Amino acid sequence: FTYQEFSPYDDQILNIALNATYRQVYGNFYPMESERPIDLERRLRNGDITIRELVRNLAKSPFYIKSYYLSVSQEKSIYFCIKHILGRPIIDHSELIKHIEIINQKGFYHYIDSLVDSLEYQEIFGEDIVPYSRNWNSPCASRTSDFLKTTNYSKGYASSDNVMKEKR
């Protein structure tokens, strides 16, 4: 894969970026046409927002909240948020506890902001790179367990994270 910065002035690249962003943030579970935030797509096309802001808004959308926050346990919701926004599995139990505390003390919207505004997100994806799954190629400092967690939460290109909702 080659990841390039986004240029909103090319319709073909816009469509590729939108599809990749929907696939990553929504876990390959596409919203119906009426559920797509067309206003965000227009703002991205006009250069008013970046991919990073698109990711933030998609993760705060009613579609995402209904699919990956309200219909699953809080722990699974955190796993999905980290996978969809940071492109990796949760590191350990202490990280999970930290994220639970953020949600319980400050709410889900603040939690999404904390992920998108994190130094990790900024260093890896910046403003214009669509988040992607980062543990398939064994990056530096990753553990074997990170790869195994990634394979556990990435069931295949043709399936969506929505099929994983029912499992606890």
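Trainee: What makes Leu40, Glu41 and Leu44 of α2 count as buried?

Mentor: The cut-off is a relative accessible area under 20%. In this predicted model, Leu40, Glu41 and Leu44 are buried, so each of them falls under that cut-off.

Trainee: Why are the buried residues of α2 said to line one face of the helix?

Mentor: Looking down the axis of α2, the buried residues fall within an arc of 100°, so they line one face. An α-helix has 3.6 residues a turn, so residues three or four places apart point the same way.

Trainee: Which exposed residues does the face of α2 turned away from its buried side carry?

Mentor: That face carries Arg42 and Asn46. Exposed means over 50% relative accessible area, so Arg42 and Asn46, being exposed, are over that value.

Trainee: What covers the buried residues of α2?

Mentor: The cover includes α1 and α3.

Trainee: Which residue follows α2, and what is its phi?

Mentor: Gly47 follows α2, and its phi is positive, near 80°.

Trainee: Why is α3 called mostly covered?

Mentor: In α3, 7 of the 9 residues are buried. The buried residues are Ile51, Arg52, Leu54, Val55, Arg56, Leu58 and Ala59. Each is under 20% relative accessible area, because that is what buried means.

Trainee: What do the buried residues of α3 pack against?

Mentor: They pack against α1, α2, α4, α5, α7 and α8 (119-124).

Trainee: How do you know that residues belong to one nonpolar core?

Mentor: They must be buried, be of a listed type such as Ile or Tyr, and be joined through side-chain atoms within 4.5 Å. The largest core has 39 residues, of which Tyr64, Ile85, Tyr111 and Ile112 touch the most other members. Elements giving two or more residues to this core include α1 (11-25), α4 (62-70) and α7 (108-116). The largest share, 7 residues, comes from α5.

Trainee: What does Tyr64 touch, not counting residues up to four places away in sequence?

Mentor: Among the residues it touches are Val25, Leu58, Phe80, His84 and Phe108. Contact means heavy atoms within 4.5 Å, so each of these has a heavy atom within that distance of Tyr64.

Trainee: How many helices and strands does the protein have?

Mentor: There are 9 helices and 0 strands.

Trainee: What percentage of the residues in the protein is buried?

Mentor: Buried residues make up 44% of the 168 residues. The accessible surface of the protein comes to about 9,300 Å², and 53% of that belongs to carbon and sulfur atoms.

Conventions. Residues numbered from 1 in each chain as written. Predicted model: local features only at pLDDT ≥ 70, side-chain atom pairs only at ≥ 80, totals over all residues. Heavy atoms only, no water. Buried < 20%, exposed > 50% of the residue type's maximum accessible area, 1.4 Å probe, protein only. Helix = DSSP H or I, 4+ residues; strand = E, 2+ residues; numbered from the N terminus. Arc of directions from axis to C-beta. Areas by Shrake-Rupley, 256 points an atom, 1.4 Å probe, with all protein chains shown as cover.
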